[in-house]
Every structure is written in structure tokens, then in C-alpha cells.
Amino acid sequence: MVSTAQELHLFTELVGAAHVRSAEPGDAVGGVVPSLVVSPADAMEVASVLSAASARGLAVVARGGGTKIDWGSPPERCDIVLSTSRIAGIVDHEPADLVCVVRAGTPLSVVQETLASAPGFRQRLMLDPPQGAAATIGGVVATAASGPLRTRFGTARDLVIGASFVLADGTVGRSGGKVVKNVAGFDVAKLLVGSLGTLAVITEVAFRLHPLPEATRTVVLESRSVPELCAFAAGIGRLQVTPSVVDLHWPEGVVVVRFDSSELGAGVQAERITHELGGRILAGDDEAALSAAIAGSPWTGSGVVGAVAMLPSRVAQFLSSMSATCDAVALRPLLGTGEVRVAPEALETVASAIRSAGGRLVIRRGDTRESREAVDDIALELMRSVKLQLDPAQTLSPGRPFGGI
């Protein structure tokens with residue numbers, strides 16, 4: 001732990017007195033309260049802070065907007081919270097190439113507003129993570145957070161094309177670049193996606209962008225029958241349509257399908273769904289009401305939240321058996337992925353049902369026992385090996401990722 005005035009003075013010298021403070025209970029990470037909160041301004045200051053912390057055996061947890069600070073396991077140690085709040089701004093935007101480079105502490109909402117208002121171009125970063133309004137770019141990447149747009153555009157791992165980062169010993173590194181196709185060397189940038197800050201502190205990220213759609217149409221099917229909901233979702237995958245979103249929400253009992261395209265394209269695809277499969281096209285007010293009803297599901301409310309992955313063909317089996325056990329479910333049935341929220345006492349029952357469906361469960365928030373069991377031994381050993389290579393002193397977020405790495 002930070003215990004001497006000398007160490008406090010050291011970090012003050014590195015980043016300035018205005019950017020070092022004693023931690024408060026609200027700065028806790030998984031119940032572990034650090035001693036200091038340090039806010040460096042750029043990669044070089046991050047390097048100085050990490051080098052000093054590593055030399056003194058201090059554990060550091062990086063924090064962006066703090067919206068997902070409760071994800072993962074509580075850290076084994078946390079002496080310093082490294083805030084990326086000052087490492088903000090869009091470094092570069094090449095609209096013709098559909099690429100941008102953003103500093104890690106930049107709020108996602110700021111990035112989206114800036115890209116959408118660029119003169120002559122209307123673009124977007126196709127990430128819509130939970131608690132996205134205050135989430136920062138570095139936090140979204142480090143947690144691999146994604147939302148409904150994953151059905152069409154994938155996760156951060158699919159959109160990240162490069163990153164700058166600082167290792168635990170203060171080494172500054174870069175992986176990838178500003179071009180969509182970059183195959184030079186090992187892709188460390190994608191390795192950092194979902195690492196929960198345990199491998200390096202991300203300082204900049206380069207992303208692939210997409211144009212903002214001209215129009216949006218949303219189709220919903222509401223039913224209290226799980227087989228009907230699953231059959232409707234499966235039917236979409238057999239039609240020649242390109243939805244951006246196909247989400248099944250329970251206990252709301254609704255499948256939400258969204259098309260982002262031209263006015264004609266979005267309308268034709270929505271009408272094809274209703275004509276061949278059923279459901280109804282939402283008007284503006286109805287769409288807003290539905291969005292409000294399912295916003296944040298399944299993250300709002302208490303309980304354990306886990307990410308699930310299974311074969312799409314097994315989604316109906318899982319949901320039929322667990323619809324009464326799970327408090328909330330948000331699935332992308334065409335992918336077989338999603339999130340569930342359950343009471344801690346029901347966790348093993350739900351985990352068993354997921355295994356029976358040939359799937360896996362990784363805990364995002366709450367009890368982490370099952371997440372440790374959900375990773376096979378080979379994968380766990382590989383991840384431990386990478387951690388040992390990049391952070392042998394266990395300086396960065398020790399114990400936070402699944403498996404207690």
C-alpha cells in the first residue's frame with residue numbers, strides 16, 4: 001500500500017499536484033479501496049506512473065468512466081487507481097477511409113456526436129455497450145462491452161484496427177495502425193480487448209467506422225410463448241434481409257428487429273418480415289416506449305450478470321428451460337450470444353442449463369466462481385502465460401479477469 005509522504009510526493013511530481021488525490025470509498029474497485037487516484041495527461045505520464053508503481057510493488061487499476069468498474073473479480077490488490085479522464089480527444093478522423101483514432105479517456109457519446117456532425121460525412125462507431133452514455137473508449141475496449149449492434153457489426157474486437165498502450169514497466173507500445181487491413185506482426189490490439197486492464201493501459205485506439213444510416217425501421221413480435229419468439233427470430237436468419245439488431249428479451253416477451261439502411265431498403269426489409277413471419281412495424285412513439293422499457297436489460301437490477309454463448313440452434317432449448325429461473329435475459333439469437341441476470345442462488349442451475357445446451361457462461365458482474373470454471377484449462381494457461389510475459393510483477397489489475405489472472 002501507498003504509505004509514505006515520499007510516494008505521494010513522487011506521483012505529484014509526475015503528474016502535478018492537481019491530478020493526485022487520496023482515494024475515497026467511491027473509488028473502490030470490487031470493494032477494494034485504493035490509496036491514491038492519479039490522473040496522467042498522456043501516454044508518457046502513464047508510463048512514468050506505471051514505472052514508478054512497478055518499481056515499488058504497487059498495484060494499479062486503470063479506470064475510465066467507471067461504468068463497468070464492477071465487472072470481473074475484485075482485484076487481489078489495488079493501491080492506485082489510474083484515471084484516464086485527462087487522456088481525451090479525437091486524435092485523427094479520416095472520413096474517406098472510415099477510420100478514426102481516439103484517446104482512451106474520451107466518452108463514447110462524445111465520439112459519436114463528433115463523427116455524426118463531421119462536415120460532409122455522417123459516420124458512427126458501431127458500438128452500443130450497456131451504460132454507454134458515460135462509458136469511455138478505453139473502458140469499452142478493455143471490457144469488450146457490446147450491445148444489440150453486435151448482430152451485424154460485431155464487437156470491439158471486430159472494429160479495433162490498432163491501439164497504443166503502456167505496459168506495466170512503463171514501456172510504450174503500439175499495435176496495428178490506421179488502415180483496415182494490417183497484418184504486420186502479432187495483433188496485440190485485439191489481445192487487449194476484454195483484458196480488463198490486466199495486460200496494459202490503453203491510451204489510444206484506432207477504429208473502423210461505418211456510415212450513419214439514412215433511415216431505420218423496427219419490427220417487433222410480442223409473445224408469452226418462448227417457442228414462438230425463438231421461431232420468429234430463427235426465421236429472420238433464413239430470409240434475405242440484413243438486420244442490424246435481432247434481440248430477444250425475456251421476461252418482456254419480445255423480439256426486436258431493426259433495419260438500418262436507405263428509406264426504401266429499411267422499409268422493404270421490415271415489410272418482408274411482417275409479411276412472411278408476422279410482427280408489426282413500430283411507429284416513432286411506440287419505438288421510443290419500447291426502447292425505454294428494455295433499456296439497460298439485463299444490467300438494471302441486482303443479481304449476477306453473465307455473458308452466454310451457445311449454438312443458435314440451442315437458444316430455444318435453453319430459454320424454454322430457464323425462462324422462469326432467470327430474472328432477465330437479452331439474447332442475440334442469430335449469434336447464440338447474450339446476457340442473463342440471475343439471483344446468486346440460481347447461478348449453478350442456469351450454468352448447468354447452459355452447459356447442457358453446449359454453451360458457456362462467463363460472469364460479467366457479481367459472483368465469479370462460475371466464470372473461473374467456464375474457461376478450459378488450455379485457454380486459462382495461455383492467458384496466464386501472456387500475463388506473465390507482459391506483467392510478471394502483477395502490477396496491473398491483479399486477479400480481475402476470469403480465472404483470477
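How do the residues of the lining of the second largest pocket divide into nonpolar, polar and charged?

The model is predicted, with local features needing pLDDT of at least 70, side-chain atom pairs counting only at pLDDT 80 or more, and totals for chains, interfaces and linings using all residues. Residues are numbered from 1 along each chain as its sequence is written, and side-chain values use heavy atoms, without hydrogens and water.

**View 1. The second largest pocket has a volume of about 750 Å³.** Among its 33 lining residues, D128, P148, R258, A295 and G296 are the closest to its centre. A pocket is an open set of points on a 1 Å grid over the protein atoms alone, where a 1.4 Å probe fits, with protein on both sides within 12 Å along at least five of seven lines; lining residues have an atom within 4 Å of a point. The volume is the space filled by probe spheres set on the points, which are joined across faces, edges and corners.

**View 2. The lining of this pocket comprises 15 nonpolar, eleven polar and seven charged residues.** Ala, Val, Leu, Ile, Met, Phe, Trp, Tyr, Cys and Pro count as nonpolar, Asp, Glu, Lys and Arg as charged, and the others, Gly among them, as polar. Helix α10 (284-294) is one of the elements supplying at least two lining residues; its four residues form the largest share. Helices are DSSP runs of H or I with at least four residues, numbered from the N terminus.

**View 3. Helices α1 (residues 5-15) and α2 (residues 43-55) have axes that come within 9 Å and cross at roughly 165°.** Therefore, α1 is roughly antiparallel to α2 (angles over 145 degrees). Axes are lines fitted to C-alpha atoms over the stretch in contact, with angles from 0 to 180 degrees between N-to-C directions. L10, F11, L14 and V15 of α1 meet E45, S48, V49, A52 and A53 of α2, contact meaning heavy atoms within 4.5 Å.

How values were computed
Parallel < 35°, antiparallel > 145°, perpendicular 65-115°, else oblique.
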